[in-house]
Structures are given as structure tokens and as C-alpha cells.
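Open your viewer and get ready to select.

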Amino acid sequence: MKKTALITGILGQDGPYLAKLLLEKDYKVYGLMRRYSKPNFEHLDYLGITDKVDFVEGDLADEASLINVVKSIRPQEVYNLAAQSFVGASWEQAKITTEINAVGVLYLLNAIKFFSPTAKFYQASTSEMFGLANDDGYQDENTCFHPRSPYGVSKVYAHWMTVNFRESYNLFAVSGILFNHESPIRGIQFVTRKITDGVAKIKTGKATELRLGALEPKRDWGFAGDYVEAMWMMLQQDEPDDYVIATGQTHSVQEFVELAFKSAGLDDWKKYVKNDPRFKRPAEVPHLCGRADKARQKLGWSPKVSFEELVKMMVEADIKRHEMGSR
Ligand code: NDP
Ligand code: GDP
């Protein structure tokens with residue numbers, strides 16, 4: 001019998017990478033998406049798996065829709081990847097961010113508790129929960145949370161609700177605290193993809209400049225394909241537990257910019273990059289660097305793609321896309 005998994009956020013970045021991994025492991029994969037007049041399967045198409053996923057409609061902001069889906073599928077594993085995931089938008093849209101990222105997780109946990117209580121549940125938590133916390137320059141499972149955005153706050157709620165359902169109702173519910181992870185199908189608003197897309201536009205003569213906000217913040221950037229493996233590993237353990245997933249290396253936005261321009265064979269990044277206060281945030285997370293020792297020891301997980309390989313992969317994919325005529 002095939003194992004059955006439900007992935008929310010199937011049209012995003014992580015959803016397609018996780019679906020591909022589970023399909024390779026012979027799972028039946030259901031992907032939850034909102035109702036659209038014109039759904040965008042571009043990321044699933046990129047990985048060549050659109051026709052291998054079974055799509056179901058539902059919305060994290062609509063409890064009854066989640067109950068319907070969980071009740072009809074009764075999945076063995078549920079990966080909750082759906083979110084309003086862009087920090088930058090979360091100040092302007094704090095309420096909907098909270099409804100989807102925080103209350104939506106409560107809805108989904110309740111649906112599982114009542115209609116599929118043996119299902120294993122994965123919650124997509126984030127290093128943004130650490131925010132300002134900076135114990136000894138790295139963050140791990142013991143670091144206190146100090147979120148700096150409505151997005152970070154919403155994810156702290158979801159994290160603790162996941163832990164609470166585990167402790168209260170004995171659900172197999174885990175929270176993966178993942179540091180930033182990127183790929184050629186990363187959302188175009190995030191700084192890495194904005195940079196690689198911008199570099200590709202400059203390289204192919206479609207743009208002359210790239211407008212960015214703060215260049216000083218540091219992030220621990222890994223490859224999404226590596227990180228979805230950790231999600232799956234967490235649900236294969238005998239006991240539910242929470243794990244930090246990170247590379248342990250941190251780089252500034254500027255370092256990403258320099259490497260991206262270099263990878264495209266463009267010499268002087270300063271000629272093209274313009275500072276734009278519109279992309280500065282009301283409160284910044286200055287420094288993230290994760291320590292994933294627990295995941296290494298207990299899950300046997302470690303990242304495979306280096307920072308340099310990641311930047312090169314993204315730049316090359318965007319140049320190819322623009323050379324083929326994308327806008
Ligand atoms: P994306 O933004 O690429 O994907 C999120 C998906 O959630 C989108 O496909 C979106 O659908 C869907 N979604 C949004 N709102 C709803 C809703 N109300 N109901 C149903 N679906 C909805 O995120 P990623 O794939 O990058 O990240 C996956 C998860 O991991 C997110 O929860 C994110 O917050 C978290 N995370 C990500 C990190 C990263 O670096 N990528 C780091 C740590 C955590 P639509 O296509 O309709 O917009
Ligand atoms: P985040 O870590 O989830 O907020 O991921 P982002 O990729 O959105 O942002 C990473 C860092 O890049 C943050 O410190 C941003 O302030 C910084 N940054 C600088 N310029 C930009 C920009 O133009 N867009 C975005 N998204 N971030 C920027």
C-alpha cells in the first residue's frame with residue numbers, strides 16, 4: 001500500500017521539491033491549493049511533476065475546507081507549507097498573515113485531531129522566529145524567540161500550537177525550524193531570487209539596474225532541495241520532536257550580490273545596484289546563523305549544496321529563462 005501525504009502550499013517553492021521527493025519514494029501525493037480561476041503550475045512544471053500530484057482545493061483561512069480535505073483523504077502525513085511567507089508584506093497585511101500562518105495552523109491541527117489523529121504533522125517554522133535573538137552568534141533549538149515582524153510573530157504562535165497539540169493530545173506533530181532556503185523556483189520577491197533574476201536581466205540586456213534595500217543583513221542560506229529531505233526525515237522518527245535545519249554558514253546580502261554578479265561574468269556590481277529605501281523594513285533581522293547539530297546527530301541530515309553552488313545554480317537558471325524569452 002502506498003503511503004498518502006497531503007502537502008499544503010503545493011504551488012510554492014518547497015511544495016514542489018517535497019512532492020518530487022515523496023513521489024520518488026512512491027507516496028500518493030495530494031497537494032492543497034486555493035481556488036483560482038487560473039492556477040499557476042510553473043514550479044511543479046519546472047520539476048516535471050504537475051501531472052503526478054492529485055490536487056485538492058482548500059484554504060488555510062477556511063476551517064471547513066480543511067476539515068473536508070482531511071476527512072476525505074485521511075492522510076498518513078501532512079506537511080503544512082502554506083503561508084503568507086513574505087516578511088516584507090507582513091507589516092501591511094498583518095491580519096491576513098495571522099489568519100493564514102497562525103490561526104490556519106490551529107484549524108489544520110484540529111481537523112487532524114478529529115478526523116485523522118494518527119497522521120504525522122509537519123509545521124513549517126522559521127528562523128524568523130529568532131529575529132533579534134543571537135546567542136553566541138548562532139541559533140539552535142534552545143535559543144529564545146524574538147520575532148521582528150508580523151510574519152515572525154504568526155509563526156511563533158503556530159510553532160507553539162504545534163508543540164501544544166503534541167503535548168496535549170499526543171499527536172505526532174513536529175516543528176521544523178528552517179533557516180532561509182532558496183532555489184531557481186524561489187518566490188521572485190525574496191532577495192536571493194530578486195538578485196539572480198535582476199542579474200540575469202542585466203546580463204541579457206533587459207535591465208540596467210537592480211534596486212535593493214539593506215545590504216548588511218546576514219542570512220544562513222541553503223538549498224530548498226536539501227531542506228525538504230529534513231522535513232521528511234522528521235516524520236520518519238519514532239518520537240516527534242522539533243529540529244533546526246541550517247547550513248551553519250552566514251553571508252550578507254552584499255556577499256550574495258557580489259557572487260551573483262561574478263557568476264554571470266559581470267565585473268563591478270556597484271555599477272548596477274541602487275539603494276532603494278522602499279525595500280527597507282520597519283524592523284530588521286540583522287543576523288541569522290543556525291546550528292543544526294541535533295538534526296545531524298538524530299536525523300543524519302546534512303546540507304549537500306554549498307552557498308557558492310546555490311548562487312551559481314540560481315543565476316544560471318535565471319539567465320537561461322531570460323535567454324528563452326521570459327519577461
Ligand atoms: P511560498 O511562498 O513559495 O509558498 C507558500 C504557498 O502557500 C503558496 O503556494 C501559497 O499559495 C500557499 N498559500 C498561501 N496562503 C494560503 C492559504 N490561505 N491557503 C492555502 N494555501 C495558501 O513559500 P515556501 O515554499 O518558500 O515556504 C514554505 C513554507 O516554509 C512557508 O510556510 C514558509 O513560511 C516556510 N519557511 C520558508 C523558508 C524559506 O526560506 N523558503 C524558511 C522557513 C520557513 P499561492 O500560490 O496561492 O500564493
Ligand atoms: P527573509 O529573511 O525571510 O526576510 O527573506 P528575504 O529574502 O525577503 O530578505 C532577506 C534580507 O534581505 C532581509 O534582511 C531584507 O531586509 C534584505 N533585503 C535587502 N533588499 C531587499 C529587497 O529588495 N527585497 C527583499 N525581499 N529583501 C531585501
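Here are the stops, with what to select at each.

This is a predicted model, in which local features need pLDDT of at least 70, side-chain atom pairs count only at pLDDT 80 or more, and totals for chains, interfaces and linings use all residues. Residues are numbered from 1 along each chain as its sequence is written, chains are lettered from A and ligands numbered from 1 in the order in which they are written, and side-chain values use heavy atoms, without hydrogens and water.

**Stop 1: ligand 1**

Select ligand 1 and the 24 residues that surround it (a heavy atom within 4 Å). The closest include Asp14, Tyr36 and Tyr151. Next, look for polar contacts (N or O pairs within 3.5 Å). The side chain of Lys155 puts a polar atom 2.8 Å from a ligand 1 oxygen. At histidine 181, a polar backbone atom is 2.8 Å from an oxygen of ligand 1. The protein covers 88% of the 890 Å² of accessible area that ligand 1 has on its own (Shrake-Rupley method, 1.4 Å probe).

Now select strand E5 (120–126) (a DSSP run of at least two residues, numbered from the N terminus). E5 gives the most to this ligand 1 shell: three residues.

**Stop 2: ligand 2**

Move to ligand 2, surrounded by 17 residues. Val191 and Glu284 are among the closest. Show the side chain of arginine 219: a polar atom there lies 2.7 Å from a ligand 2 oxygen. The protein covers 97% of the 540 Å² of accessible area that ligand 2 has on its own.

Where does ligand 2 lie? Color domain 1 (4–181 + 222–245) and domain 2 (187–219 + 250–281 + 305–323) (bounds from an automatic or database domain assignment). Both give residues to the shell around ligand 2, so ligand 2 lies between them.

Methods. Polar contact = N/O pair within 3.5 Å; in protein donor to acceptor, adjacent residues only side chain to side chain. Helix = DSSP H or I, 4+ residues; strand = E, 2+ residues; numbered from the N terminus.
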